[in-house]
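Trainee: I would like to go through this protein chain with you. Could we take it topic by topic?

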Amino acid sequence: MAEGSGEVSLADVETAFHKFAVHGDTKAMGKEMNGKNFIKLCKDCKVIDDKTVTSTDVDIIFSKVKAKSARVITFEQFTQAMAELATKRFKGKSQEEAVQLLYGLIAGKEPANVGVTKVAKASAVDRLTDTSKYTGSHKERFNESGKGKGRSGREDIPDASGYVSAYKGQGSYDSKVKEDE
């Protein structure tokens, strides 16, 4: 039933506690865990089995071990909660054995990202971002390899040569002046 039936070090459990404590909260330091993350730890580590231990039981035990006005628990309070959950989860076992079995479930675990949306790689996206299929003025913004040309592809850079833009004899002034002399 339990994955780790041997001795589990408290350091491994504390590492799992810190990982779950910071999950989903950018400001968390990992020293205190809120109720949401405590329930997530219990679900992800299979402490909640929906037969002997339910999420309601976990929530009640969380409320028991935390301070009256606090919304978080420390690692010491976490170990108290695990001792209470262990006797409930592993009935018929001694207190120490039940706690070790429960720590075996928790040690080395990390928060699972279940239901996280994956990046869609659809053919529609490929078709829309393929620069070789661009037409019109958009085609002018990219070179043959599909790399953008930068500013020269976005803006009309003025011709400062002194000639009118459609003048065919551009650059021939010097040769014409020499002919007249």
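**Cysteines, rings and confidence**

Mentor: Let us begin with cysteine 42, which has a relative accessibility of 0% and therefore counts as buried. Please keep in mind that this is a predicted model.

Trainee: And cysteine 45, what is its relative accessible area?

Mentor: Cysteine 45 has a relative accessible area of 1%, so it is buried.

Trainee: How many disulfides does a search of the whole structure find?

Mentor: The search finds 0 disulfides. Cysteine 42 is in none, and the nearest cysteine sulfur, that of cysteine 45, is 7.6 Å away.

Trainee: Are phenylalanine 38 and phenylalanine 62 buried or exposed?

Mentor: Both phenylalanine 38 and phenylalanine 62 are buried.

Trainee: Which residues do the ring pairs link into a cluster?

Mentor: The cluster consists of Phe17, Phe38, Phe62, Phe75 and Phe78.

Trainee: Now glutamine 77, where is its place?

Mentor: Glutamine 77 is in helix H4 (residues 75-89). Its relative accessibility is 18%, so glutamine 77 counts as buried, the cut-off being under 20%.

Trainee: What does the side chain of glutamine 77 reach?

Mentor: That side chain reaches the backbone nitrogen of threonine 74 at 2.8 Å. Leaving aside residues up to four places away in sequence, glutamine 77 touches Val65, Lys66, Ala67 and Val72.

Trainee: Finally, what is the mean pLDDT of the protein chain?

Mentor: The mean pLDDT is 83, and 90% of the residues reach 70 or more. Over residues 1-5 the pLDDT is below 50, and this stretch has 13 contacts in the model beyond near neighbours in sequence.

Trainee: Which elements have the lowest and the highest mean pLDDT?

Mentor: Helix H7 (residues 151-154) has the lowest, at 68, and strand S2 (residues 72-73) the highest, at 94.

How values were computed
Residues numbered from 1 in each chain as written. Predicted model: local features only at pLDDT ≥ 70, side-chain atom pairs only at ≥ 80, totals over all residues. Heavy atoms only, no water. pLDDT = per-residue confidence, 0-100. Helix = DSSP H or I, 4+ residues; strand = E, 2+ residues; numbered from the N terminus. Contact = heavy atoms within 4.5 Å. Buried < 20%, exposed > 50% of the residue type's maximum accessible area, 1.4 Å probe, protein only. Phe/Tyr/Trp six-rings, centres within 6.5 Å; stacked < 30°, edge-to-face > 60°. Polar contact = N/O pair within 3.5 Å; in protein donor to acceptor, adjacent residues only side chain to side chain. Disulfide = S-S within 2.5 Å.
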